[in-house]
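Take a look at the model below. Keep it in view while you read this short report.

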Amino acid sequence: MKKLIFIGVLGLFALGSCNSKKTGHEGHDHETVTHNHDEHEGHDHETEGHDHEAEGADHSHEGECSGGHDHDKDAGKSSKAAGEHSEPAGEHSDEIILPKAKADAAGVKVSTITPAPFQQVIKTSGQVLAAQGDESVAVATVAGVVSFRGKVTEGMSVGRGTPLITISSHNIADGDPVQRARIAYEVSKKEYERMKSLVKNKIVSDKDFAQAEQNYENARLSYEALAKNHSAIGQNITAPIAGYVKSILVNEGDYVTIGQPLVSVTQNHRLFLRAEVSEKYYPYLRTISSANFQTPYNNKVYELKELSGKLLSFGKTSGDNSFYVPVTFEFDNKGEVIPGSFVEVYLLSSELENVISLPRTALTEEQGIFFVYLQLDEEGYKKQEVTLGADNGKSVQILTGVKAGDRVVTEGAYQVRLASASNAIPAHSHEH
């Protein structure tokens, strides 16, 4: 009976010890709590047939409190699991998640960086001019008042000889120049014919006859020139060449004099690109082979090599009032470039090998700092700062920030940027 009471007290003591471990380990040292069953008075485990191994009883405190749960091992596993979870979260905390379907809908395109040749660039300004022989100006052949023939507008297509303007001299004090030219012609013709019959009989001298003949020929040429385009309403001014009306230089009702420019007509077949280059680049002008240029009205970059362009010449001296040296190219006009417009010019010089470059569409700018977006996986992107080098208008040399083999967003970079602002992720939960 005493043995049974003793065993019950011992069980309660062990249960209390286990409960104290579950509620907290403060002040409880597992190593100091030992139970030496051999020292218990009168308690013989063997004689009572109490088999701890058979009952599965384990008097080790490491096994008692949790049914074989090792706190030290579990703590290590928990710490390791936490470390494994936090490492990718720290590594990809700045990752941008953009589902593939949304990326495709937004037009996002990705390319793998491959080093390639890249030409050195001299960036400057210039102007597009009409090539020689491709532009002509209609001028006033008589003095008078301007009236347009129908609707004459800049950019309209005209053929050679198309009527553009009528100049009327009916109310001018000097009278109609065509009528005056006709009268002068008829008078000189009669005088010439009269003296022609008299010179044979030596009634008039050869000198007087020669003068009469000269006056007649001059009057005839003048009258024929004016009468060719004359009508009842006035003198017709026609397009000198076939092409497009480049500019209209007078207004309805203006008074013009002989030789005054009226309408400029251009064929736009070939154009000149004149670039103004600073004198400090003069040593490099001999290495220039081609150029790109960007227009202000559509921001499109044109490549001369795609427009059958060629370098004509570069100046050997700068202008009298300028510190710039002209460089002139000639190219085909595909109907999109306006002669006379000022453009940004990218002169292409010597070629560099194994250069990392990206299209300008891959770049985004924030407060003067440029960024690209790297693709980490099918749906993950990362913002990456880059430093830029030479810029040819279409592609930009990348000095630092990316390397060969990186996958970079080349189109739709601003869509990725918007995605980074709209779905910022504090902790990464995306599995790779």
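The model is predicted.

**The five-stranded sheet**

Start with the open sheet of 5 strands. Its order is E8-E9-E7-E5-E11, and the pairing is antiparallel. Strand E8 (230–231) and strand E11 (255–256) are the edge strands, and each pairs on one side only. Strands of a sheet pair through backbone hydrogen bonds, in a parallel or an antiparallel way.

Now follow strand E5, which spans residues 144–148. E5 pairs with E7 over 4 bridges, in the antiparallel sense. Within that pairing, Val145 stands opposite Ser168 in E7. Val146 stands opposite Ile167 in E7. E5 also pairs with E11 in the antiparallel sense, here over 2 bridges. There, Gly144 stands opposite Val256 in E11. In a regular strand, side chains alternate between the two faces of the sheet.

**The seven-stranded sheet**

Another open sheet is built from 7 strands. Read across, the order is E15-E14-E18-E3-E13-E17-E16, with antiparallel pairing. Its edges are strand E15 (301–303) and strand E16 (310–314), each pairing on one side only. Neighbouring strands of this sheet are turned by 35 degrees against each other on average, direction ignored.

Look at the E15 end. Strand E14 covers residues 290–294 and pairs with E15 over 3 bridges, in the antiparallel sense. Gln294 has Val301 in E15 as its bridge partner.

| Strand pair | Sense | Bridges |
|---|---|---|
| E14 and E15 | antiparallel | 3 bridges |
| E5 and E7 | antiparallel | 4 bridges |
| E5 and E11 | antiparallel | 2 bridges |

**Two helices**

Two packed helices are described by the angle and the distance between their axes. How do the axes of H6 and H7 cross, and at what angle? They come within 8 Å and cross at roughly 150 degrees. Helix H7 runs over residues 206–227. Angles over 145 degrees count as roughly antiparallel. H6 and H7 are therefore roughly antiparallel to each other. The crossing of H6 past H7 is left-handed. By class, their contact has 14 nonpolar, 3 polar and 8 charged residues.

**The cavity**

How many cavities of 30 Å³ or more does a search of the whole structure find? The search finds 1. About 40 Å³ of space lies in the largest cavity. Which elements give two or more residues to its lining? They are strand E7 (163–168), helix H6 (177–199) and strand E9 (234–238).

The lining brings back some residues from above. Ile167 and Ser168 are among the lining residues. Val146 is the residue opposite Ile167, and Val145 is the one opposite Ser168. Other lining residues include Val142, Ser169, His170 and Asp176. Pro177, Val178, His230, Gly234 and Gln235 also line the cavity. By class, the lining has 4 nonpolar, 6 polar and 1 charged residues.

How values were computed
Residues are numbered from 1 along each chain as its sequence is written. This is a predicted model: local features need pLDDT of at least 70, side-chain atom pairs count only at pLDDT 80 or more; totals for chains, interfaces and linings use all residues. Side-chain values use heavy atoms; hydrogens and water are left out. On a 1 Å grid over the protein atoms alone, a cavity is a set of points where a 1.4 Å probe fits but cannot get out, and a pocket is an open set with protein on both sides within 12 Å along at least five of seven lines; lining residues have an atom within 4 Å of a point. Grid points are joined across faces, edges and corners, and a volume is the space filled by probe spheres set on the points. Ala, Val, Leu, Ile, Met, Phe, Trp, Tyr, Cys and Pro count as nonpolar, Asp, Glu, Lys and Arg as charged, and the others, Gly among them, as polar. Two strands pair if DSSP finds at least two bridges between them. Axes are lines fitted to C-alpha atoms, for helices over the stretch in contact, and angles run from 0 to 180 degrees between N-to-C directions. Angles under 35 degrees count as roughly parallel, over 145 as roughly antiparallel, 65 to 115 as roughly perpendicular and the rest as oblique. A crossing is left-handed if the near helix is turned anticlockwise from the far one by less than a right angle, and right-handed if clockwise.
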